[in-house]
Amino acid sequence: MPVKLSYCRLCPASCGVRVEVDGNRIVSVVGDGLHPLSGGYSCPKGRRGGDFLQGPERLTTSMRRTTEGGYEPIPVDVAIAEIAERLEAITGECGPDALALFMGTQQNFAALTMPMVRAWFRTTGSHKLFSTMTIDQSAKWLVQARMGEYLGGRQRFDTADVWLLAGTNPMVSLNGGDGDGAITQNPFVTIRRARERGMKLIVVDPRRTETAARADLHLQLRPGTDAALFAGLLHVILTEGLHDREFCARFADGLDELAASVAQATPEYTEAETGVPAAEVIRAARTFAHGARGMATTGTGVCMGPHSNVAEHLVACLNVVCGRYLREGEETPNRNVLARTTPLKAEVRPPYRSWESGFRSRIGGIGTMNGELPSGILADEILEPGSDRVRALVVSGGNPALALPDRKKAERALRELDLLVCVDTRMSDTARLADYVIAPTMVYERPDHTMLMEFFFAQPFAQYTPRLVDPPEGVIEDWEFFFRLAAASGRKVKFAGRVLDPDDPPTSEELLAIFAERGRVPMDELKSAHRGALAAPDTTAVGRPSQGSSGHRLALCPHDVAAEIAAALSLSPIESDLPMRLTVRRMRELMNSLGREIDGLPRHGYNPAGVNPQDLQRLGIDHGDTVSIRSAHGRIRAVAHTDPTVSPGTVAMTHCWGVSDPNSDPRAVGSNVNDLTGYDRVQTINAMPTMTAVPIAIEREVLADAR
Ligand SMILES: Nc1nc2c(c(=O)[nH]1)N[C@H]1C(S)=C(S)[C@@H](COP(=O)(O)OP(=O)(O)OC[C@H]3O[C@@H](n4cnc5c(=O)[nH]c(N)nc54)[C@H](O)[C@@H]3O)O[C@H]1N2
Ligand SMILES: Nc1nc2c(c(=O)[nH]1)N[C@H]1C(S)=C(S)[C@@H](COP(=O)(O)OP(=O)(O)OC[C@H]3O[C@@H](n4cnc5c(=O)[nH]c(N)nc54)[C@H](O)[C@@H]3O)O[C@H]1N2
Ligand code: SF4
Ligand SMILES: [Mo]
């Protein structure tokens, strides 16, 4: 049977794969041992790639809701015409801001989808743009906007002496921080090689994760106490004078204010607040500061916590005070291959606080970041009265019915819409509430390239893949739906600097070429490299600062941040009736809500509640018991599992499981943790809800309840 080389696109790792194809069917997907970046690595869901395309859940045609509430197949042309007409009616009557777009995770892994979705949205004139980033790691955007950004580039993983990972478990998520050598490929080998090289790995995580088990130092903090921990690390570094004075003097403002703000966070204080022994706090701070090169990076465990913005800010301060950046004249590999090369410069882009000017939502006066409103206000944007209330929502590659905090409110909002359009490959929980479901092509059915992923790659690399199998007849490429939707409303989209003519539509291949035309590897060369191309080594040196930039500084401790540090460091008593903490985690077998339906893929048919054996014993709960978990927002039923990697006092669970009926059997459908989350502990500015370290209580279900 013919074997074709391609790469998987179910997550950003873009693992090289060998795909066995029989006619138009995918028979198997395995890791490509000769792939330059992934070296044969693949994960269980990637290996079931064929089942995502060919399984019974796959939508092979678009759907329209019938008046009885069921769904009927509908030709995509008809769907597009009807949707365009209804959108025009709604925005004609209520203005462009009555239309909103929600961009989900799976629109990011096909090169053409995200730029075309955005291009369509720009033609609508609406401000109501939402994405998963703002229920994920928008603290990163916020920190950059409040602190400013160093434009010379960061120190890299592959040459680091020390690396700190906080609230991220790349061994499972392949996430591992934000760019610049993040651990997104082949994590076992990447981490092992780094440690063999002598790199010290510090992991900050309440759970003894697969990544923490490989660390030189595992700081097992109490969930939600990252701000205190990072204040403690900064305190040691600044009082012992381990910081990079020269880098701070040249590029940063507010070092004294920062030192004053963290003065309270002595190692003893930090131990009391976080549970990490004072000696370990000191050792971690010294190890991090003494390594000549390295970086501290974070994931959802920090960015979803109760003080996420300030915790992330303090992590960024750690990198700045230790000067974890490239200096003028320093050489570094140019990792832009298909994307345009932006020169590195030893200068600072000053803080820009985008939310202080421009469009503001009527919900709490919240402004925009990177042109987006936070998803933490999406439900209110739909439910709360107002002339620009959202009445129509288009969801692209996302599943907000499960992903948004406060599930009941999310469902109420989605049901309240006059028009809900969902572009999805299956009848997801969101699709089942939609008026129209548009069925798109999936991975292996579309040609693609890695341009949007190259920022995450450890080396300058790019890969192209042709379509391996023909898509079902009734489906359409994601980008094409949005291109044609604009055309049906009489609008032309602007893509990669060009206005596209709806009467002469481009092919995917043409668009891929246009998109990459400013790269340094030409498309025909890329296409002839069957397992991708490691671009010719091209080092760039960090350039001199541009004229006029000498006064630009990173703001280490602006007033609002100082106030947030003070608030985060004032000891918060644990509510006695909700004594435990719910923490986030991911499953290797799934990608958020994707994969649950694939037979035999999830290890159990549910998402267990992982509890430390000591807690189970104390609470009189056995492994496998049905338990009731309660928070200030609601209650779920769950299946308890004994899990020694979970620290006492915490319950670790994945999201995107369960159904709307809270009484349903968790063994059959899993449990929705977003029945336990809500909007009472949102961050200012980005409205980020608390999704980890959520106060809860867990108890064995009393028999009367357990049907
Ligand atoms: N297999 C798989 N991979 C995925 C996904 C998936 O669903 N499955 N999802 C993708 C998506 S959308 C994202 S955003 C990324 C996320 O990528 P990551 O952020 O790496 O996600 P996790 O693996 O859940 O790691 C989060 C870690 O934070 C820890 N944690 C929980 N609470 C706290 C806390 O209060 N403080 C600290 N310091 N740590 C805490 C958890 O124990 C956990 O180990 O993964 C992506 N990759
Ligand atoms: N309590 C709690 N809530 C959370 C989290 C948490 O840790 N705890 N994590 C949050 C995070 S980080 C995220 S990113 C969100 C996830 O939020 P979402 O991105 O909204 O959820 P997904 O399940 O990833 O949705 C992706 C959808 O895309 C569909 N899909 C697959 N392939 C394609 C394709 O080729 N084209 C199109 N159009 N669709 C496709 C899938 O069927 C699926 O329904 O959840 C958030 N919610
Ligand atoms: S880690 Fe798994 S899902 Fe992600 S690209 Fe690799 S094989 Fe695909
Ligand atoms: Mo995410």
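How many nonpolar, polar and charged residues does the shell around ligand 2 have?

1. Basis and domains. The model discussed here is predicted. The domain assignment of the protein chain gives domain 1 (1-54), domain 2 (64-130 + 356-438), domain 3 (154-325 + 554-564) and domain 4 (574-706). The C-alpha centres of domain 1 and domain 2 are 32 Å apart.

2. Surroundings of ligand 1. This ligand is surrounded by 31 residues, of which Thr168, Ser173, Asp205, Asp226 and Leu590 are the closest. Sorted by class, its shell holds 9 nonpolar, 14 polar and 8 charged residues, and both domain 3 (154-325 + 554-564) and domain 4 (574-706) contribute at least three residues to that shell. Polar contacts to ligand 1 include one from a polar side-chain atom of Lys45, placed 3.1 Å from a nitrogen atom of the ligand, and one from a backbone N or O atom of Val172, placed 3.3 Å from a nitrogen atom of the ligand. Helix H6 (170-173), helix H13 (300-303) and strand E27 (580-584) are the elements that give two or more residues to the shell around ligand 1.

3. Surroundings of ligand 3. The residues around ligand 3 are Cys8, Leu10, Cys11, Ala13, Ser14, Cys15, Tyr41, Ser42, Cys43, Lys45, Gly46 and Leu174. By class this shell has 8 nonpolar, 3 polar and 1 charged residues, and ligand 3 itself sits in the largest cavity.

4. Surroundings of ligand 2. To return to the opening question, the shell around ligand 2 has 12 nonpolar, 14 polar and 6 charged residues. In total 32 residues surround this ligand, the closest being Thr105, Asn399, Asp424, Arg426 and Ser593. Ligand 2 lies between domain 2 (64-130 + 356-438) and domain 4 (574-706), because both of these domains give residues to its shell.

5. Polar contacts and cover of ligand 2. A nitrogen atom of ligand 2 is 2.8 Å from an N or O atom in the side chain of Asn674, while a polar side-chain atom of His655 lies 3.3 Å from a nitrogen atom of the ligand. The backbone takes part as well, with a polar backbone atom of Gly397 placed 3.4 Å from an oxygen atom of ligand 2. Of the 910 Å² of accessible area that ligand 2 has on its own, the protein covers 98%.

Methods. Residues are numbered from 1 along each chain as its sequence is written. Chains are lettered from A and ligands numbered from 1 in the order in which they are written. This is a predicted model: local features need pLDDT of at least 70, side-chain atom pairs count only at pLDDT 80 or more; totals for chains, interfaces and linings use all residues. Side-chain values use heavy atoms; hydrogens and water are left out. A residue is near a molecule or strand if one of its heavy atoms lies within 4 Å of it. A polar contact is a pair of N or O atoms within 3.5 Å; within protein, one must be able to donate a hydrogen and the other to accept it, and residues adjacent in sequence count only if both atoms are side-chain atoms. Helices (H or I, at least four residues) and strands (E, at least two) are DSSP runs, numbered from the N terminus. Ala, Val, Leu, Ile, Met, Phe, Trp, Tyr, Cys and Pro count as nonpolar, Asp, Glu, Lys and Arg as charged, and the others, Gly among them, as polar. Domain bounds come from an automatic or database domain assignment. On a 1 Å grid over the protein atoms alone, a cavity is a set of points where a 1.4 Å probe fits but cannot get out, and a pocket is an open set with protein on both sides within 12 Å along at least five of seven lines; lining residues have an atom within 4 Å of a point. A molecule sits in a cavity or pocket if more than half of its atoms lie within 2 Å of its grid points. Accessible areas come from the Shrake-Rupley method with a 1.4 Å probe; for residues, only the protein chains shown count as cover.
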